[in-house]
Amino acid sequence: MFLNYQTIRFVVTDASDLLIIDNSQGMTEEMLMKMFILYNENTGGPDNRGGKCGYGSKAALKLMCKGGYSKHRIITKHADDIYLTQETDWSGITTMDNSFPIYESNGEDIRLFNKYNGENTGTIIKVKFTDEIKDILDDQFSGEYDKDTKLSEQFSVVYADQEDVEIYYEYKSEPVKQL
């Protein structure tokens, strides 16, 4: 089901973690470092599908790590590179300098990555699954949007021109939903 296309999967585990998983090219250490530099353009992805303004991923991660769940973890593998992990506790961030350490993934992170991406390339972002995130994902995959939802915030619009990307939502043991 996930082999012929680039996929983005939102997987909610039994431990109530949200895993945002892609099976694209993954990130080198340099690419992962650039992800956390403000106002940095990172267009190293396939077909230049990278960051353009330098604040989107940082802002999104900070928003997902609020309400008492302040940590995120990123696990990535690029081609023949080693597995890399980046973890931040946003509750202690006062400056961008040295706030986003990158290190070689440990066995637990590698097992988690391989469970969802095999020994292929890609990236997993792990955050706590909150009620707010659940509401957003439920809306995105129901096809029914709140009247205040902007078109630019709908996955079906954002990814409409990328026909090689499939997007899935897996909530615990419920049936998988595809966008």
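**Figure 1. Confidence along the predicted chain.** The protein chain averages 82, and 83% of the residues score at least 70. Over residues 48-55 pLDDT stays under 50, and the model has 20 contacts (heavy atoms within 4.5 Å) beyond four places in sequence for this segment. Where pLDDT is low, the predicted coordinates should not be read in detail. This is a predicted model, in which local features need pLDDT of at least 70 and side-chain atom pairs count only at pLDDT 80 or more, while totals for chains, interfaces and linings use all residues. Residues are numbered from 1 along each chain as its sequence is written, and side-chain values use heavy atoms, with hydrogens and water left out.

**Figure 2. Elements of the protein chain.** Five helices and eight strands are present; helices (H or I, at least four residues) and strands (E, at least two) are DSSP runs, numbered from the N terminus. Their order from the N terminus is β-β-α-α-β-β-β-α-β-α-α-β-β. Of the 179 residues, 40% count as buried, where buried means under 20% relative accessible area, exposed over 50% and partly exposed in between (1.4 Å probe, protein chains only). Among contacts between residues at least 6 apart in sequence, 56% join residues at least 24 apart.

Figure 3. D109, L112, F113, Y116 and N117 are the buried residues of α3. They lie on the same side of the helix because they cover an arc of only 105 degrees around the axis, the arc being that of the directions from the helix axis to the C-beta atoms. Their cover includes strands β1 (6-12), β2 (17-22), β3 (71-77), β4 (84-89) and β6 (122-128). Exposed residues E108, R111 and K115 are carried on the face turned away from the buried side.

**Figure 4. The ends of helix α3.** At the start of α3, the backbone nitrogen of E108 has a side-chain oxygen of N106 within 3.1 Å. Just after α3, G118 takes a positive phi of about 60 degrees.

**Figure 5. M31 in helix α1.** M31 is part of helix α1, which spans residues 29-35. M31 counts as buried because its relative accessibility is 14%. H78 is 47 residues from M31 in sequence, and the two are 9.8 Å apart in space, C-alpha to C-alpha.

Technical notes:
pLDDT is the predictor's confidence in each residue, from 0 to 100. A polar contact is a pair of N or O atoms within 3.5 Å; within protein, one must be able to donate a hydrogen and the other to accept it, and residues adjacent in sequence count only if both atoms are side-chain atoms.
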